[in-house]
Amino acid sequence: MKTLTLPGTEIVAPNVVLGLMRIADKTDDEVRELVGTARDAGIDFFDHADVYGNDLHGCERRFAEAMQLTPSQRDEITIQTKAGIVREGPYFDFSYEHLIESVDGSLAALQTDHIDILLLHRPDALVEPEEVARAFDELQSSGKVRAFGVSNQTPRQIDLLRKYVRQPIVANQLQLSITHEPIIAQGVAANMLAEQQSVTRDGGGILDYCRLHDITIQAWSPFQAGFFNGVFLDSPEHPELNAVIDRLASRYDVPPIAIATAWITRHPAQMQVVLGTTNPERVAGAAQGSEIPLTRAEWYELFRASGHLVP
């Protein structure tokens, strides 16, 4: 498993992460098998959010109850969680009070005394960055949170936060897959007016912005064809892409899901792939894409087969 040190931290993290948003109804044995498979594959980084589960902090609680980690076992893993979405609205809340309350709830649910990384979960249009800064300072000084990041934020939204917060923004979790790659396609199609993906939105250039400012991109929904509308792997709607994936999978002697992972991990931005599956076999297969050395030609062939690469 390829690892990287998250800039601004001492956290050595794998480039494939296990997301746990779907474990609410899993048994203890199923959770332990899923996590154990990930650990065997070299994945020791686990992604949560306070809103994941059937009730608030549900998946965080399910993880802790199933795993029953000792202090030494807790120190072997990285736990990331998110705050900022209010389920009852739904709406977004980056206020000082909400962030502190959410982290305290996560700590209790996860049965731990610290969160390794806290992400602001999607943008809050009513954000008051001074309040975020006050929350971050308190959470850091109390030892409750060690590092901070964001999710689905644009360059200007991050700039606004960085004007006030003292802590580095270490991660930005963004949707990315071979078939949903506007953060990459926009740059390739720049200044090609006739191409839809050339349009600059929300300040544009989030991929290069994150590279310039040492912010690790975490790719969520890495196998989704679009916004939660099914996976592209083995989909009859993506025959050309799957033909290329299958050929490369045979060449590298890995399952097709590993090639879909490798398309992201091959990028020089050193991104992390956030897996959302609860199938241990798929976790193990995806993890094999961590270090596959796709050539430039292979990477671009996959991109072209998605139908979004401008010739």
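Tutor: Start with strand β11 (residues 216-220) and strand β12 (residues 272-275), which pair in the parallel sense over two bridges. Two strands pair if DSSP finds at least two bridges between them. Helices (H or I, at least four residues) and strands (E, at least two) are DSSP runs, numbered from the N terminus. This is a predicted model: local features need pLDDT of at least 70, side-chain atom pairs count only at pLDDT 80 or more, and totals for chains, interfaces and linings use all residues. Residues are numbered from 1 along each chain as its sequence is written, and side-chain values use heavy atoms, with hydrogens and water left out.

Student: Which residue in β12 stands opposite Gln218?

Tutor: β11 covers residues 216-220 and β12 covers residues 272-275. The residue facing Gln218 is Gln272.

Student: In what order do the eight strands close into a barrel?

Tutor: The pairing is parallel. From one strand to the next, the twist averages 30°. Axes are lines fitted to C-alpha atoms, for helices over the stretch in contact, and angles run from 0 to 180 degrees between N-to-C directions. The order is β3-β4-β5-β8-β9-β10-β11-β12.

Student: What angle does the direction of α6 make with that of β10?

Tutor: α5 packs on the sheet, touching β8 (115-120), β9 (145-151) and β10 (169-175), and its direction makes about 150° with that of β9. Helix α6 (residues 155-162) also touches β8, β9 and β10. With the direction of β10, that of α6 makes about 155°.

Student: Are α4 and α5 roughly parallel or roughly antiparallel to each other?

Tutor: The axes of α4 (residues 96-110) and α5 (residues 129-141) come within 8 Å and cross at roughly 30°. Angles under 35 degrees count as roughly parallel, over 145 as roughly antiparallel, 65 to 115 as roughly perpendicular and the rest as oblique. Therefore α4 and α5 are roughly parallel.

Student: Which residues of α11 make the contact with α1?

Tutor: Helix α1 (residues 28-40) and helix α11 (residues 280-287) pack at about 15°, with axes 9 Å apart. From α1 come Glu33, Leu34, Thr37 and Ala38. From α11 come Pro280, Val283 and Ala284.

How values were computed
Contact means heavy atoms within 4.5 Å.
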